[in-house]
Amino acid sequence: MRSTTAYEETGVRCTMLRGGTSRGLFFEAADLPADPADRDDLLLRLMGSPDPRQIDGLGGSTSLTSKVAVISRSQHPESDVDFLFLQLGVDEATVSDRQNCGNLLAGVGPFAVERRLVDPGHPETSVRIRMVNSDSVAIATFATPDGRVEYRGDVTISGVPGKASPIVLAFDGTEGSVTGRLLPTGHVRDEIDGIAVTCVDNGMPVVLAAAGSFGLTGYESHDELAGDSALLDRIDTLRRKAGQLMGLGDTEGESVPKTVLVAPARDGGQVCTRSFIPVRPHTAIGVLAAISVVTGLLLPGAVGHELTDGWPSERIDVEHPTGHLLVDVVIDREATPTRVIRSGVVRTARKLFDGVAYPRAV
Ligand code: NQM
């Protein structure tokens with residue numbers, strides 16, 4: 001086994017992919033140190049964290065571009081590969097496995113085919129991915145003509161320039177991904193410091209509130225929200241109190257729960273959102289966060305449930321600061337407690353480089 005300093009000379013095999021509106025470093029688990037502390041130390045040195053500019057590493061100075069996917073063949077009969085998602089801090093030396101990432105997930109199937117961890121089909125391949133962070137399964141289906149991943153295509157996703165081949169992600173068993181329950185507080189609605197919230201976890205623990213309850217319209221730009229430090233403090237206070245109610249303990253400095261403010265749609269969609277991950281505003285919205293938001297809104301009594309009047313049964317259009325995200329969520333309203341039947345989304349991905357990455361010296 002290599003010592004962690006040996007990687008400075010040998011480097012480590014790495015592929016960088018954009019997955020949805022995120023970008024990350026993809027590794028085979030066998031290429032990284034087995035000890036999680038050594039692995040995390042190496043990843044931070046590869047990414048260039050902690051440093052707000054990540055000038056000495058491969059990160060892109062935001063949380064959406066400081067992500068890592070660790071992939072291995074699955075030992076579970078119901079899945080082909082295991083995907084461990086790690087969120088690295090930018091200006092802090094943190095590595096968290098507490099949440100999933102439905103965006104980076106879009107790169108996992110293509111990576112598994114590129115590295116021949118799964119046998120490709122023709123003209124498409126479906127890969128069953130066990131999301132280790134939440135012990136749930138996603139099925140990714142994408143084009144593989146003649147067994148080769150086709151990244152080029154004609155699908156556009158908001159927040160990414162150009163067009164690419166669609167990657168269809170279908171989720172199973174995402175209820176209670178981190179908290180163990182779809183409604184982690186045991187209620188469809190709670191009140192925290194006079195603000196009505198719905199805490200929901202269908203793939204991502206999310207605190208839902210009306211934008212109006214913060215004196216906002218919900219149509220503010222990303223930069224307006226990012227510049228309002230009093231607002232960001234209030235969001236952090238709210239999500240930390242919600243985290244306690246959700247059984248997550250003290251979530252100071254943790255990546256979950258996220259907060260999402262909702263308002264009536266104004267651009268042809270079904271709902272307008274402004275998300276905070278967990279305190280800085282998102283330029284778009286996370287995939288599993290959007291699925292959790294739509295799931296929460298569909299529950300009678302939830303904050304914003306009135307916005308679901310007249311919604312179509314599929315392809316719910318979630319507006320966010322840079323466009324739209326279409327998600328499918330089907331719930332069984334007859335079941336007690338409410339059960340999620342299925343959820344899904346369409347993303348794209350692109351291989352950016354494949355090679356050897358070298359960490360900063362210890
Ligand atoms: O919610 C950002 C993203 C995410 C997570 C974050 C995500 C998801 O946009 O599934 O994708 O929540 O920090 O990539």
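**Pockets, cavity and ligand shell**

Analyst: The lining of the second largest pocket draws at least three residues from each of domain 1 (4-177 + 348-357) and domain 2 (190-333), where the domain bounds come from an automatic or database domain assignment. This is a predicted model, in which local features need pLDDT of at least 70 and side-chain atom pairs count only at pLDDT 80 or more, while totals for chains, interfaces and linings use all residues. Residues are numbered from 1 along each chain as its sequence is written, and side-chain values use heavy atoms, with hydrogens and water left out.

User: What volume does the second largest pocket have, and which residues are closest to its centre?

Analyst: Rolling a probe the size of a water molecule over the atoms shows where empty space is left. On a 1 Å grid over the protein atoms alone, a pocket is an open set of points with protein on both sides within 12 Å along at least five of seven lines, a cavity is a set where a 1.4 Å probe fits but cannot get out, and lining residues have an atom within 4 Å of a point. Grid points are joined across faces, edges and corners, and a volume is the space filled by probe spheres set on the points. Here the second largest pocket has a volume of about 300 Å³, and of the 19 residues that line it, the closest to its centre are R315, L326, V327, V345 and V346. Two or more lining residues come from each of β8 (167-172), β15 (323-332) and β16 (339-347), with β16 giving the most, six residues; strands here are DSSP runs (E, at least two residues) and helices are runs of H or I of at least four, numbered from the N terminus.

User: How does the lining of the second largest pocket divide by class?

Analyst: Ala, Val, Leu, Ile, Met, Phe, Trp, Tyr, Cys and Pro count as nonpolar, Asp, Glu, Lys and Arg as charged, and the others, Gly among them, as polar. On that basis the lining of this pocket has 10 nonpolar, five polar and four charged residues.

User: How many cavities of 30 Å³ or more does the structure hold, and what lines the largest cavity?

Analyst: The structure holds one cavity of 30 Å³ or more, and the largest cavity has a volume of about 50 Å³. Its lining includes P110, F142, Y151 and A349, and the lining residues divide into eight nonpolar, one polar and one charged.

User: Which residues are closest to the ligand, and which polar contacts are made there?

Analyst: A residue is near a molecule if one of its heavy atoms lies within 4 Å of it, and a polar contact is a pair of N or O atoms within 3.5 Å. In this model 15 residues surround the ligand, the closest being S22, K67, G102, H282 and L288. An N or O atom in the side chain of S22 is 2.6 Å from an oxygen atom of the ligand, a polar side-chain atom of K67 lies 2.8 Å from a ligand oxygen, and a backbone N or O atom of A289 lies 3.0 Å from an oxygen atom of the ligand. The protein covers 99% of the 350 Å² of accessible area that the ligand has on its own, by the Shrake-Rupley method with a 1.4 Å probe.

User: Which helix gives the most to the shell around the ligand?

Analyst: Helix α6 (residues 287-298) gives the most, with three residues, and the shell divides into seven nonpolar, six polar and two charged residues.

Conventions. A polar contact is a pair of N or O atoms within 3.5 Å; within protein, one must be able to donate a hydrogen and the other to accept it, and residues adjacent in sequence count only if both atoms are side-chain atoms.
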